[in-house]
Amino acid sequence: MSTDNRWPVPLIDLRLCDGCGLCVEVCPVDALGMVDGKAMIVKPDACHYDAACEERCPQGAIGLPYLIVLDDLPSKDT
Amino acid sequence: MESHKSVSQSPGKIIARIPYFSDLEPKIREEVAEVAIRRSYPANYLIFNEGEPCAGLYIVEDGLMRIFKTAWDGREQVLHFVGPGQTFNDVATFDGGPNPASAITVEPTVLWIIERAAMQRLLRTYPSIGEATVRVFAARMRHLIGLVEDLSFRSVTARVAKLLLQQRDAARADSVERPALMTHQEMAARLGTVREMIGRALRALADIGAIRIERHRIVIVDRAALEKKAEL
C-alpha cells in the first residue's frame, strides 16, 4: 500500500480483502499477487492504473487514488 | 495524503482554538482542559457508530476525522471532515440523543473528549459558551443546507465538478477539506452516489475539455468550464 503522490498504486484495504484473487486474475500486467492470503501490489512499477482490479473487487477493497491538480500548478504535485 | 502534524501545545492553548471556549478567560480554559480526556488513535479507527449513546463532545487536537452516515446497503455518505481545533458529535452532546452519525479517523489522530455532563455544567456556568454554541450550530446548519442543495438539485456531473474545484482550492488553502488525493469510491461517498457514476461523470467532464485524466491525476485544464458545469 502506498500513498506516495508521485507514483501512487491502488490502495488495498486488507480488512476488506477476503483473498478471492479475482483482482490478481484480472490485472493485465500482473502487478497484483497474493501474499499470505491477501491481495498485494507485488510489481508497483508495472501498474498502469487501468482500474480493472478496482472494478472487479467484489468487496470494494481496492481504490485508485487520483491527485486533483490545476494545469498551471508547478511540478511539485507531479 | 498530506498529514496534519502540529507541534504539541499546552492544554489551554488547544482549548483556546475551540470556538466554544475561545471567549473564555485563560484560567477558565485551563479548567475546561482539566475535565477533558486526551486519547490517541491510529488511522482508520472507528471512534463511534451512529445510533450509539453519546459519550460527549470530541475535540480534534491533531489529525483528521471523517463523519459519515451509512445506508442500509452499506453505501457511505460523508457529512464532513473535522480537523485540528474543530469538534464533532456536538448535536448528541447538547440534545442527549444517540450519535447521529459515525466517526472514523482518516489518519493518526489525537482527540479530547469532554463528557456530556461536564459540557452541560460548563454551559450553565459560562454564558459565552452558549453564545458560541449558537454560532457553531449555525455554521453546521449552513454546511448541511449546502449538502442538501447539492444532493437534491445538482446532477452527479455537477457535484463532481464542484468537488474537484473545492478539493483543489482547499488543498491549496491548507484547510481540513484535504486530501486532494481521492479514489472514485471516496468521491462517491462525498457526493451521494456510487463509484460507477463517478467514472461516468469524470469522462463527461473530460469530453468537454474541462479536465484531463492522467494515470493517477485529474488535471483541471479549464476552470471556467468546470465552474459552469458545477453550476457555480
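Helices (H or I, at least four residues) and strands (E, at least two) are DSSP runs, numbered from the N terminus. This is a predicted model: local features need pLDDT of at least 70, side-chain atom pairs count only at pLDDT 80 or more, and totals for chains, interfaces and linings use all residues. Residues are numbered from 1 along each chain as its sequence is written, while chains are lettered from A and ligands numbered from 1 in the order in which they are written.

**View 1. Chain A follows the pattern β-α-β-β-α-β-β along its sequence.** The chain holds 2 helices and 5 strands. Of its 78 residues, 31% count as buried. A residue is buried if 20 or more other C-beta atoms lie within 10 Å of its own, exposed if 12 or fewer, and partly exposed in between, with C-beta atoms placed from the backbone. Two residues are in contact if their C-beta atoms, placed from the backbone, lie within 7 Å. Take the contacts in chain A with a separation of 6 or more: residues 24 or more positions apart account for 50% of them.

**View 2. R56(A) sits in helix α2 (residues 52–56) of chain A.** R56(A) is partly exposed because 15 other C-beta atoms lie within 10 Å. Its contacts, leaving aside neighbours within four places in sequence, are L22(A), C23(A) and V26(A). C23(A) is 33 residues from R56(A) in sequence, yet the C-alpha to C-alpha separation is 6.2 Å.

**View 3. Chain A meets chain B through 16 residues from each chain.** On the chain B side, α6 (156–173), β9 (181–182) and β11 (217–220) each supply at least two residues. β11(B) gives the most, with 4 residues. By class, the side of chain B that touches chain A has 9 nonpolar, 4 polar and 3 charged residues. Here Ala, Val, Leu, Ile, Met, Phe, Trp, Tyr, Cys and Pro count as nonpolar, Asp, Glu, Lys and Arg as charged, and the others, Gly among them, as polar.

**View 4. Strand β5 (residues 66–70) of chain A joins β9(B) by 2 antiparallel bridges.** Two strands pair if DSSP finds at least two bridges between them. Y66(A) has M182(B) in β9(B) as its bridge partner. β5(A) also pairs with β11(B), in the parallel sense, over 4 bridges. There, V69(A) stands opposite V219(B).

**View 5. Both faces of β11(B) are covered.** In a regular strand the side chains alternate between the two faces of the sheet. R217(B) and V219(B) are buried on one side, I218(B) and I220(B) on the other. Strand β10 (residues 211–213) of chain B pairs with β11(B) over 3 bridges, in the antiparallel sense. A hairpin of 3 residues joins β10(B) to β11(B). I211(B) stands opposite I220(B).

**View 6. The largest nonpolar core has 40 residues.** A nonpolar core is a set of buried Ala, Val, Leu, Ile, Met, Phe, Trp, Tyr and Cys residues joined through C-beta atoms within 7 Å. V160(B), L164(B), L205(B), I211(B) and L226(B) touch the most other members. Both chains contribute: β3 (38–41) and β5 of chain A, together with α6, β9, α7 (184–191), α8 (195–207) and β11 of chain B, each give two or more residues. Not counting residues up to four places away in sequence, L205(B) touches T157(B), V160(B), A161(B), A210(B), I211(B), L226(B) and K229(B). A second, separate core of 29 residues includes I15(B), A103(B), L111(B) and I114(B).

**View 7. Chain B has an open sheet of 4 strands in the order β1-β8-β3-β6, with antiparallel pairing.** β1 (37–41) and β6 (87–88) of chain B are the edge strands, each pairing on one side only. Strand β3 (residues 56–62) and strand β8 (residues 109–115) of chain B share 6 bridges. G56(B) stands opposite E115(B) in β8(B). β1(B) pairs with β8(B) over 5 bridges. In β8(B), W112(B) is the bridge partner of R38(B).

**View 8. Helix α5 (residues 127–153) of chain B has 27 residues.** Its first and last C-alpha atoms are 39 Å apart, close to the 39 Å expected at 1.5 Å a residue. That expected span is 1.5 Å times one less than the number of residues. The number of buried residues in α5(B) is 1, so the helix lies largely in the open.
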